[in-house]
Amino acid sequence: MRWCYLAPYTLAIMDSSLAPSLTILGIESSCDDTAAAVVRSVQGQPAEILSSEVFGQTDLHANFGGVVPEIAARAHAEKLDHMVEAALANAKLTLQDMDAIAVTAGPGLIGGVMSGVMCAKGLAAGSGKPLIGVNHLAGHALTPRLTDGLDFPYLMLLVSGGHCQFLVAHGPTKFTRLGGTIDDAPGEAFDKVAKLLGLPQPGGPSIEQAALKGDAGRFTLPRPLRDRDDCDMSFSGLKTATLRARDALVAQQGGLYKKDQNDLSAGFQDAVADVLATKTRRALGSSKVPAIAVAGGVAANKTIRAALEAVAQEACVSFIAPPMALCTDNAAMIAWAGIERFRLGLTDDMTLAARPRWPLDDTATPMLGSGKKGAKA
């Protein structure tokens with residue numbers, strides 16, 4: 001038996017709250033995008049994204065109609081070090097130039113989250129830099145502060161492939177959930193509807209492109225829970241109604257034509273936008289905040305953005321939407337969330353664990369059920 005000696009690692013200790021400048025490496029691997037980024041924050045100045053690298057896995061999952069967790073985890077393990085190297089190189093910095101390393105520690109597909117956490121732990125142990133575990137949802141929720149310097153409090157609509165909820169952001173670590181989806185997230189519904197219409201994945205961009213040529217008024221599709229006086233949403237019934245409309249067409253004419261795809265896409269997209277706009281109006285009415293921000297992959301949809309912006313104008317509040325590249329999963333938002341936590345003196349040690357479930361508002365009743373590993377959302 002051979003024994004090897006591992007030198008003990010030490011983490012750099014500093015008063016981060018007083019640091020005039022912080023430069024942090026962020027790592028993101030919660031779903032099907034492997035990402036690394038370097039973000040710098042100088043007190044009194046806008047934050048600067050020095051680099052942001054993303055390796056998408058769309059081609060790897062294209063034949064399966066959705067993300068395959070095992071394939072995603074393997075791809076993360078293969079690409080993480082390359083993304084980190086690229087992020088540091090494009091920022092023209094080294095690992096020793098970083099003040100800390102931030103990593104998504106959940107929620108997400110556990111294999112991917114574990115890949116990122118283990119990579120970050122190795123980098124922290126080897127460099128002696130502090131380690132910061134970040135909630136992926138907080139990364140999205142704090143993005144408006146990275147891009148626009150938005151002050152607290154504000155209303156955040158987090159709308160993505162796996163999540164949809166209204167949150168009031170009171171601070172970097174304090175969020176109040178006003179409502180959310182009780183079943184499918186909008187991004188998940190977009191993917192499923194695209195699949196049943198024979199459109200390529202990912203479903204969001206495919207439906208948006210098809211809808212540009214479609215007639216949204218041809219089909220009467222439901223707006224679930226729109227008449228309920230709260231901020232909760234449901235998209236499963238809308239997905240089923242679209243399926244039934246498709247099946248009726250197939251039975252009548254023996255198949256689905258391009259015009260049918262376009263019209264169903266337009267009708268579905270309009271219904272989602274209508275539900276989100278209605279619930280946003282209610283969330284603004286109950287929260288009484290001066291601004292609303294939207295983040296997450298579905299926020300890249302131009303029709304949905306326009307509907308939400310119109311509601312903000314109607315309510316006379318500011319509307320903040322991040323650049324398209326920061327709507328989908330990225331590591332710049334993780335690095336920024338790490339900066340926010342680091343300035344509060346919040347760091348982690350080598351016991352940091354990957355968490356498949358991690359609600360931002362842990363005082364709220366779980367919307368999608370709960371198990372041994374905690375609330376799902």
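The model is predicted, with local features requiring pLDDT of at least 70 and side-chain atom pairs pLDDT 80 or more, while totals for chains, interfaces and linings use all residues. Residues are numbered from 1 along each chain as its sequence is written, and side-chain values use heavy atoms, without hydrogens and water.

**Helix packing**
- Helix 6 (residues 186-196) and helix 9 (residues 258-287) pack at about 170°, with axes 11 Å apart; helices are DSSP runs of H or I, at least four residues, and axes are lines fitted to C-alpha atoms over the stretch in contact, with angles from 0 to 180 degrees between N-to-C directions.
- The two helices are therefore roughly antiparallel (over 145 degrees).
- Pro 186, Ala 189, Phe 190 and Val 193 of helix 6 meet Phe 268, Gln 269 and Val 272 of helix 9 (heavy atoms within 4.5 Å).

**Nonpolar core**
- The largest nonpolar core has 46 residues, and Phe 268 and Leu 276 have the most contacts inside it; such a core is a set of buried Ala, Val, Leu, Ile, Met, Phe, Trp, Tyr and Cys residues joined through side-chain atoms within 4.5 Å, buried being under 20% relative accessible area with a 1.4 Å probe and protein chains only.
- Helix 9 gives the most to this core, with 10 residues.

**Salt bridges**
- The structure holds 14 salt bridges (a side-chain nitrogen of Lys or Arg within 4 Å of a carboxyl oxygen of Asp or Glu).
- Asp 230 pairs with Lys 279 at 3.3 Å, N to O; Lys 279 is buried, at 0% relative accessibility.
- Asp 230 also forms a salt bridge with Arg 228, at 2.8 Å, N to O.

Notes. Angles under 35 degrees count as roughly parallel, over 145 as roughly antiparallel, 65 to 115 as roughly perpendicular and the rest as oblique. Buried means under 20% relative accessible area, exposed over 50%, partly exposed in between (1.4 Å probe, protein chains only).
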